[in-house]
Amino acid sequence: MTSPSLTFGSILLAFSPTFSLLFLLIFQKPQLVILAVCSAFAYLISALLSSLFWLITSAFGNNVTSSGSIGTLLAVAIPGVFCQMIVRCFFVRGYFKVEAVIRRSVAKHEEETTAAAAAATNNNSNSNDNNNVSDAHAETNALQLQLNDLSCSLASGCGYALLHSLFLYGTLLASESGESNSYNDGVYSGGGGSTGHGGTLYQESCGGMPSLINGALIACMFSILDVMWMMLCFYGMRRRSLSQTNSTTTSDSNTMTESSSSGTMQSIFQGLTCQGLNDSPSGGNAAIVLVTMTHLAASLVLAPNAYEDGCKISLPLLGGVVVWVGLMLRRVMTKGKFLPEDQRRRIQGMQLGLRTVGESHHVE
């Protein structure tokens, strides 16, 4: 049986990114908890689709399974990446539709609140009614402040990453910590987890490191990537939705398509070189393409694990992909344009309103 300290340390290493976001950010807001659960279900759907695709291809094409480990990796990685990307985009698109419904409901509530405040003013109501109106405005402002792309993309990425890491690492963790060694008169007689003979599991792909540590590192880095990919997907899908809204008012669609395609290629190059993305539909298209490309790269850099001590190559390469995607996202964030224009104006207006309220209370 693997030592408890190694097991506990591996758990902390594998799940620390998602647990940190859950406890520090998401659990404090019920809306974000619901969003994280829905995104975890979205990953479950993507895993189901990729598994069905693998069953179909393995049943009709024996060459896929007999072409070696590299062929198997390609047959698993490429459909899996595209299934996850499609489900991720549909999830974000569904969230935008729900968000639009919530915002219409909030706007209607604010109109009713404003009408009630005007009626109370005309009827010379007391100060308690005015306080109730201001409290209602504070509740709606707090709700709209939480429903922004930054917090919602973090929550969605956290739920997606948590279930992904459980699927990726949970089976190995359960097999290593679930069965203890048994002895008969001091002689080993069975047990010992996945090794079958006691002790800690080591593999040829990483002979100098326990498999629990190797798997924990991979799960940790993919968790970080899942969160950043979801944030970039929110950025890209938001710009695409804005372009679809604006396209109804344009007349020359051919010219717009040509300029959009050239702008997308330029934005992809800027993203690959970590120069940031344009706050435009072409930047949104580039963000979706970059998420797909980096996800495929992160999957393929694990190919050296098929050989002896391949983790010495695959783990640094996977870490390089994490740094690469992090630099892309950092450039988008430092430009101050991760949030769309309407959300930036709303947050600035709420901050000014709260500051004005605080100053008025201070004067009183």
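Begin by colouring the chain by pLDDT, since what you have open is a predicted model, with a mean pLDDT of 79 for the protein and 74% of its residues at 70 or more. Select residues 125-133, where pLDDT stays under 50 and the model has 4 contacts beyond four places in sequence. Where pLDDT is low, the predicted coordinates should not be read in detail.

Next, go to the largest pocket, which has a volume of about 1100 Å³. To centre the view, select Leu73, Val76, His164, Leu168 and Leu302, the closest to the pocket's centre among its 36 lining residues. Now show helix H2 (30-60), helix H4 (69-122), helix H6 (149-177), helix H7 (211-247) and helix H9 (281-300), each of which gives two or more residues to this lining; H4 gives the most, with 10 residues. If you colour the pocket lining by residue class, you will find 21 nonpolar residues, 15 polar ones and no charged ones.

Select Leu232, Gln270, Gly271, Cys274, Gln275, Gly276, Leu277, Leu290, Met328 and Val332 to display its lining, to which helix H8 (253-272) and helix H10 (311-334) each supply at least two residues. By class, the lining of this cavity has 6 nonpolar and 4 polar residues, with no charged residue.

Notes: Residues numbered from 1 in each chain as written. Predicted model: local features only at pLDDT ≥ 70, side-chain atom pairs only at ≥ 80, totals over all residues. Heavy atoms only, no water. 1 Å grid on protein atoms, 1.4 Å probe; cavity = no way out; pocket = protein on both sides within 12 Å on 5 of 7 lines; lining within 4 Å. Helix = DSSP H or I, 4+ residues; strand = E, 2+ residues; numbered from the N terminus. Nonpolar A, V, L, I, M, F, W, Y, C, P; charged D, E, K, R; others polar. pLDDT = per-residue confidence, 0-100. Contact = heavy atoms within 4.5 Å. Points joined across faces, edges and corners; volume = space filled by probe spheres on them.
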